[in-house]
Amino acid sequence: MATQARFGVIGAGMSGILAAIKLQEAGFDYVVFEKADDVGGTWRENTYPGIACDVPSHIYSYSFALNPDWSYLCSPGQEVQAYFQSISERYGILDNVRFGDAVARCTWNEPGWEVETASGHTEQVDWIIAATGILHHPKLPDIPGVGSFAGPAFHSARWDHDVELDGKRIGLIGTGSSGVQITGALAPRVEKLSVFQRTAQWVVPMAQEAYSDEEKQAFRTDADLLQDLHDKMSTGFNDGFGTAILDANSGIADDFEATCRAELQRIDDEDLRARLTPDYRAGCKRLVVSHNFYDAVQSNSVDIVTDDITAVEATGVRTADGKLHELDVLVYATGFHVDRFMRPMRIEGRDGVLLDDVWSERPTAYLAVAVPQFPNFFMLNGPNSPVGNFSLIQTAEMQFAYTMALLDHAVGEGFTTAEPTEAAAAAFDDERVAAATETVWATGCRSWYLDDRGIPFAWPFTFSRFRSEMEQPRLADYHFA
Ligand code: NAP
């Protein structure tokens, strides 16, 4: 592969670190733009009490840097962040990262890109890898009075660790994956935790299993053992869970729901159990994984509030029954603006076309990686990527390999640019939308997986389809120049 091409990688989270390591190993010149002062992305930003990766740690690892030292089946967030920091150091990429300066603009200037940061610094690169993540623009709820609470109030991804929680009355709005983890961690510490639940969640039990020193030692000394564990977990996740999502009527989907229903039986109080029972198919919303949520909600300190919130007031949260829930601290675990991706950056492609305009209705991407009129611009975990169905890290690794294969082809044929054709992108999108409406995500629930039309935006095909698309780029779908 030629090494003349210069790369700009946007973001030093899980995907950006991966891109940097691979580019460095292949001998490319590259620069990583990171808005914050550290690597880690979502794991740097989310530090709320109880944070843990709810995907088994041995598959939430790079394939080339398996970690024998994970402490738990699903390790704490701080450990995941430490993993990304140590890998970045071990692979020597940190000197190539421009920390603390967000990308403001990327402008296509044939045959490459000009990247300008918020500080006015500019760089010329030939290819861009956008690795900006999806869950990083906190969303506050559209409830009257948000902002009027007089005490400390913050979003789950902007946790204020200076605020005292022990013995306090905490209000928590939201019962997604973040809210559920926060509930489990705060229940034993606070005087009262009022959890405002708008929609009941299916909860998959996941034991909090610690790896023993002997197991970790065995992983350290026997690389095959570690590899086998990774591969088995990976296959189970991608083929099992990934398949259940694609066919809401499959046996695997039934098994998931049965597991969740059995877990619900741990709630002794019938009224509480009824309020915690979802009225939609398990898997329609992103499944919540927890080892302690149902214990927490049955403890004396936790109150599950299912009356609609009518307003946030200076002293607490008011519900439709007229009750004011008086609080000392208010936490919004209300999710993210998932359609932003790298925006609000100004991305100006061929002939001045703006990504903001191309995505004015909703973000889409050919095979989840590229957009017509934006040459040499590839995304990792971008729009229409698998999310929640396959391992995010494996997905990013395959998308990166795909980008390299295209570059290889372009260079081999004497070209300098590659962009998907409009026809290929439109055909993919039509097929994707048709398949998406058949998935469990489209069986009738409100969720962040749905676009503005109510169509699930994630990859709606099998893992093997994803793998083969990524392994063998359809060259005819690209315009090379
Ligand atoms: P989320 O899944 O979008 O959940 C947001 C919660 O806020 C939902 O319960 C939602 O209720 C509620 N909400 C939003 N607006 C509201 C309003 N106006 N009034 C009342 N309630 C409102 O957000 P998240 O929990 O931060 O999770 C986002 C994603 O991050 C997850 O799905 C997962 O992919 C990822 N995550 C992963 C981990 C991990 O361990 N790997 C941990 C945390 C998060 P409705 O259900 O009614 O909409």
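**Core, sheet and a loop residue**

A: In this predicted model, Phe 7 is in contact with Leu 23, Phe 28, Asp 29, Tyr 30, Val 31, Val 125, Trp 127, Ile 129, Met 404 and Leu 407, leaving aside its neighbours within four places in sequence.

Q: Which residues touch the most other members of the largest nonpolar core?

A: They are Phe 7, Tyr 62, Phe 84, Met 342 and Tyr 478, in a core of 144 residues. Helix α11 (residues 392-412) gives the most to this core, namely nine residues. At least three residues come from each of domain 1 (2-137 + 337-480) and domain 2 (153-202 + 246-332). Another core, of ten residues, lies apart from it and includes Phe 149, Phe 196, Leu 327 and Tyr 332.

Q: Turning to the sheet of three strands, what is the strand order?

A: The order is β14-β15-β16, in an open sheet with antiparallel pairing. β14 (309-313) and β16 (324-326) are the edge strands, each pairing on one side only. On average, neighbouring strands are turned by 20 degrees against each other, direction ignored.

Q: How many bridges join β14 and β15?

A: Four bridges link β14 with β15 (residues 316-319) in the antiparallel sense. Val 312 has Val 317 in β15 as its bridge partner.

Q: Now Ile 455: where is that residue found?

A: Ile 455 is in the loop between α12 (422-436) and α13 (463-471).

Methods: Residues are numbered from 1 along each chain as its sequence is written. This is a predicted model: local features need pLDDT of at least 70, side-chain atom pairs count only at pLDDT 80 or more; totals for chains, interfaces and linings use all residues. Side-chain values use heavy atoms; hydrogens and water are left out. Helices (H or I, at least four residues) and strands (E, at least two) are DSSP runs, numbered from the N terminus. A nonpolar core is a set of buried Ala, Val, Leu, Ile, Met, Phe, Trp, Tyr and Cys residues joined through side-chain atoms within 4.5 Å. Buried means under 20% relative accessible area, exposed over 50%, partly exposed in between (1.4 Å probe, protein chains only). Domain bounds come from an automatic or database domain assignment. Contact means heavy atoms within 4.5 Å. Two strands pair if DSSP finds at least two bridges between them. Axes are lines fitted to C-alpha atoms, for helices over the stretch in contact, and angles run from 0 to 180 degrees between N-to-C directions.
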